[in-house]
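Have the model open as you read.

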Amino acid sequence: MYKIQLSSDDVPTKWYNINADLPVELPAPKNSKGRDQISTLPDIFVGECLNQEFSTDRYISIPKEVREIYQQIGRPTPLYRATKLEEKLNTPAKIYYKREDTSPTGSHKLNSALAQAYYAREQGIERVTTETGAGQWGSALALACSMMGIDCTVYMVRVSYDQKPFRKGVMQLYNSTIHASPSTNTEVGRKVLEETPDTPGSLGIAISEAVEDALSDDNVRYTLGSVLNHVILHQTVIGQEIKTQLEIAEEEPDTMIACVGGGSNFGGAMFPFMKDKIDGNSDTEFIAVEPSACPTLTQGSYDYDFGDNVGFTPLLKMYTLGHEFVAPSVHAGGLRYHGMNTQVSLLTHEGYITPKAVHQRDVFTAGQMFANCEGIIPAPETCHAIAATIDEARRCKETGEEKTIVMNFSGHGLMDLKGYESFIDGSLENSK
């Protein structure tokens, strides 16, 4: 195991904004017929986050307080070479992985949670609402709000609420209020429960509930853990650090891989490298890995759709399975989203990103192999990236190519052991 660790002084001072370097114009949000969702955005989102969403500045300064907390929670995170995994696969490929699981809440999500909670506090917001799938975003926002001294309400997709009770416990420990979604706390939730009382829930429904809650009070705003540009912007500390670490290792990435649900960890790790490819100065392949049970990029349509279930949000041009889509109850709850970030969608449509879908049992098989080789138990979401990394390394063995593969290890699976238990005892269903 080969580790590249930077000093706390190497934490980036700015976030990178891909909007400045997109190869074609990004399609603008639209109102749906007879409605004006765009005008309500300032009532939904924190003002500075909304400014960043539409900014075309290449770099946006990280507030001093946020950067200092990044340093306190362990940024820069280490980059490891997976030598034991390479030996297991007998591959000529070099495999590196960026460890975002080392944050206090166990995933990359805290990078944006801290920024959004900071901007909410600076605006005078007293409470924020959000949705969460697997609970990693909810846990991160709960901690961030606790640190910033504001209240937090989380709508957690019901299937994950039931599958991952310890995530709920973490959020409650950080003084947040948690509702299983769909809930009886909102009109949206009550309607869904009346129509489909046994629904496992979806991120689209949970988003609608959180937005409805935010719109009920002028001192409340909605925050989002993925999908939108300002969220990915905050996550680009990951890719900027990887760039510095690869320079130290004297490596150029041939293939970069991350799981993808809404796009936050993928864009955060890949976008700082994407400019070189857009400019024609890089041949790096960027692979976005999603569940076959929720194949947004591989089977969705590139069209305008709502980001939430009932249409509180404007229409966004993205790859989508339809805003009413409810994914099967796979354990990778953070990837059960019907749509995709607009920038990731555009770059996929233009051929800069290669999407790949993998099945649930294959994902857990890869996760178990990684855990036995490298010692870290990955989250089910992260296992998607690991499965694709293993496939690429095996392909290198077949062809003899000495590629450098870089994977973003987005989070650990120490609160996802129920899924691993089902995998080990043979009761885990495979996805279609």
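## How two helices cross

The axes of α13 (residues 264-278) and α15 (residues 342-349) cross at roughly 45 degrees and come within 12 Å. Axes here are lines fitted to C-alpha atoms over the stretch in contact, with angles from 0 to 180 degrees between N-to-C directions. Helices are DSSP runs of H or I with at least four residues, strands are E runs of at least two, and numbering starts at the N terminus.

This is a predicted model, where local features need pLDDT of at least 70 and side-chain atom pairs pLDDT 80 or more, while totals for chains, interfaces and linings use all residues. Residues are numbered from 1 along each chain as its sequence is written, and side-chain values use heavy atoms, without hydrogens or water.

## Who touches whom

From α13, Phe266, Phe271, Met274 and Ile278 meet Gln343, Val344 and Leu347 of α15, with contact meaning heavy atoms within 4.5 Å.

## A buried strand

Now for β15 (residues 404-409): six of its six residues are buried, so the strand is largely enclosed by the rest of the structure. Buried means under 20% relative accessible area with a 1.4 Å probe, protein chains only. Thr404, Val406 and Asn408 point one way, and Ile405, Met407 and Phe409 the other.

Conventions:
Buried < 20%, exposed > 50% of the residue type's maximum accessible area, 1.4 Å probe, protein only.
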